[in-house]
Amino acid sequence: MWIGWLLRILLIVLVVHALRRFLGGVVDGASGPRQAPPKSVPLVRDPVCGTYVTRSGAVMLKQGDHVEYFCSDTCRERFSSR
């Protein structure tokens, strides 16, 4: 008989805990974002292997007024040898 009461108390504690966490999340969400979302970084696609890289970290190849961006020297050399 005491096991039944113990299970009821445990169930009540779990329900109260779940409700407390749920309501805390609702209050936090209603108060708005805490910080601004991170800014996105523009990426360029390597024409050889298809890898996306940042312009600042890419290897460049200028052909006249056109610029190609590559993930590595190997991809740039493959592109140049075509």
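User: What does accessible surface mean, and how much of it does this protein chain have?

Analyst: Accessible areas come from the Shrake-Rupley method with a 1.4 Å probe. Here the protein chain comes to about 7200 Å², and 62% of that belongs to carbon and sulfur atoms. Keep in mind that this is a predicted model, where local features need pLDDT of at least 70, side-chain atom pairs count only at pLDDT 80 or more, and totals for chains, interfaces and linings use all residues. Residues are numbered from 1 along each chain as its sequence is written, and side-chain values use heavy atoms, leaving out hydrogens and water.

User: Okay, which elements does the chain run through from the N terminus on?

Analyst: Helices (H or I, at least four residues) and strands (E, at least two) are DSSP runs, numbered from the N terminus. In this chain the order is α-β-β-β-β-α, so two helices and four strands.

User: How much of the chain is buried?

Analyst: Buried means under 20% relative accessible area, with a 1.4 Å probe and protein chains only. Of the 82 residues, 15% count as buried.

User: And which residues make up the largest nonpolar core?

Analyst: In soluble globular proteins, nonpolar side chains tend to be buried together. A nonpolar core is a set of buried Ala, Val, Leu, Ile, Met, Phe, Trp, Tyr and Cys residues joined through side-chain atoms within 4.5 Å. Here the largest one has five residues: Val59, Leu61, Phe70, Cys75 and Phe79.

User: What does Cys75 touch?

Analyst: Contact means heavy atoms within 4.5 Å. Leaving aside residues up to four places away in sequence, Cys75 touches Asp46, Val48, Cys49 and Phe70.

Conventions: Buried means under 20% relative accessible area, exposed over 50%, partly exposed in between (1.4 Å probe, protein chains only).
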